[in-house]
Amino acid sequence: MEHSAQFNKSIKIVSIKSLVFSTETSTSYVEMTPLKPLSLSAFTLCMRVATELSGEREVILFAYRTREYDELNVWRELDGRLSFYLAGDGVLFSVPGLGPLESHLCVTWDSSSGASAFFMNGRKSVAKIYKKGHTTRPEGKVLLGQDPDSYVGEFDAKQSFVGEISDLNMWDYVLSDTTIKDMASGKRVTTGNIFDWESTRLHIHGAVDVVKREL
């Protein structure tokens with residue numbers, strides 16, 4: 001019993017905030033303020049996500065738009081595949097689908113090689129070559145919950161996110177497979193240098209609840 005108590009004392013409990021989008025709307029979203037401009041030639045984007053949305057329905061997971069372009073959008077497609085788009089046609093991946101049980105999701109991309117991949121609960125998808133030589137444009141807006149068809153506007157409720165998102169971090173480089181696996185298992189790693197979930201400013205619009213949880 002004494003050994004067990006000592007072990008429990010050594011476990012570090014991490015408290016984080018979680019965003020709950022309870023209903024399908026065209027008005028509820030969260031704007032995130034990045035720590036540096038999103039002029040990206042590589043990135044890793046990770047989050048914990050759960051949703052009860054099912055069937056043939058598009059679901060926006062992350063949207064970064066400048067005044068002229070959808071610079072970086074991450075989607076669940078109509079057929080359940082996951083995808084991301086960099087200012088044009090996207091790249092789609094057949095990975096285990098999102099559901100009501102939380103998944104740890106990451107997407108990586110490197111402009112120099114074009115290598116891109118999704119990670120689901122620490123397991124890597126097949127790599128695909130996409131947008132070699134591309135760089136995203138800065139000075140846009142990052143939204144969770146809605147896909148803006150104009151600059152922070154023209155939302156479609158049938159594409160909105162309904163569910164829970166937490167622990168979203170983004171880096172301007174590609175993390176190692178081992179680091180992503182460690183994150184998925186609950187180990188704390190260096191937080192994002194573009195979005196650090198522990199300190200990033202969140203601007204809530206509409207019916208989005210912020211709750212505290214422990215990892």
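User: Leaving aside neighbours within four places in sequence, which residues is Ser125 in contact with?

Analyst: This is a predicted model, so the contacts are those of the prediction. Ser125 is found in the loop between S10 and S11. Beyond four places in sequence, its contacts are Phe93, Val95, Ala117 and Phe118.

User: Is Ser125 buried or exposed?

Analyst: The cut-off for buried is under 20% relative accessible area. Ser125 has a relative accessible area of 12%, so the residue counts as buried.

User: What separates the C-alpha atoms of Glu52 and Ser125?

Analyst: Glu52 belongs to another loop, the one between S3 and strand S4 (59-65). Along the chain, Glu52 and Ser125 are 73 residues apart. Their C-alpha atoms are separated by 23 Å.

User: Is Glu52 buried or exposed, and which residues does it contact beyond four places in sequence?

Analyst: Exposed means over 50% relative accessible area. Glu52 has 70%, so it is exposed. Setting aside neighbours within four places in sequence, Glu52 is in contact with Pro100 and Val162.

User: How many of the six residues of strand S9 are buried?

Analyst: Strand S9 covers residues 115-120. The rest of the structure largely encloses this strand, because the buried residues number five of the six.

User: Which residue in S10 is the bridge partner of Met120?

Analyst: S9 pairs with strand S10 (residues 123-124) in the antiparallel sense, over two bridges. The two strands form a hairpin with two residues between them, and Asn121 in the turn has a positive phi of about 55°. The partner of Met120 in S10 is Arg123.

User: And which residue in S11 is the bridge partner of Ala115?

Analyst: S9 and S11 also pair in the antiparallel sense. Two bridges hold this pairing. In S11, Ala115 is partnered by Ile129.

User: How many disulfides does a search of the whole structure find, and what is the handedness?

Analyst: The search finds one disulfide. Cys46 and Cys106 form it, with sulfur atoms 2.0 Å apart. The torsion about the S-S bond is about 110°, so the disulfide is right-handed.

User: How many residues apart in sequence are the parts that Cys46 and Cys106 tie together?

Analyst: Cys46 is buried, at a relative accessible area of 1%. Cys106 is buried as well, at 1%. Cys46 lies in strand S3 (residues 42-50) and Cys106 in strand S8, so the pair ties together parts whose separation in sequence is 60 residues.

User: What is the geometry of the ring pair Phe84 and Tyr130?

Analyst: The structure holds eight aromatic pairs, and this is one of them. The ring centres of Phe84 and Tyr130 lie 5.3 Å apart. Planes over 60 degrees apart count as edge-to-face. Here the angle is 85°, so the pair is edge-to-face.

User: Where do Phe84 and Tyr130 lie, and which aromatic cluster includes them?

Analyst: Phe84 is in strand S6 (residues 82-85), while Tyr130 is in the loop between strand S11 (128-129) and strand S12 (141-144). The pair links distant parts of the chain, 46 residues apart. Both residues are buried. The cluster is formed by Phe43, Phe84, Phe93, Trp109, Phe118 and Tyr130.

User: Over which rings do the charged ends of Lys128 and Arg137 sit?

Analyst: The charged end of Lys128 is 5.0 Å from the centre of the ring it sits over, that of Phe93. For Arg137 the distance is 4.1 Å, and the ring is that of Tyr69.

Notes:
Residues numbered from 1 in each chain as written. Predicted model: local features only at pLDDT ≥ 70, side-chain atom pairs only at ≥ 80, totals over all residues. Heavy atoms only, no water. Phe/Tyr/Trp six-rings, centres within 6.5 Å; stacked < 30°, edge-to-face > 60°. Helix = DSSP H or I, 4+ residues; strand = E, 2+ residues; numbered from the N terminus. Buried < 20%, exposed > 50% of the residue type's maximum accessible area, 1.4 Å probe, protein only. Lys NZ or Arg CZ within 6 Å of the ring centre and 35° of its normal. Disulfide = S-S within 2.5 Å. Pairing = 2+ DSSP bridges. Contact = heavy atoms within 4.5 Å.
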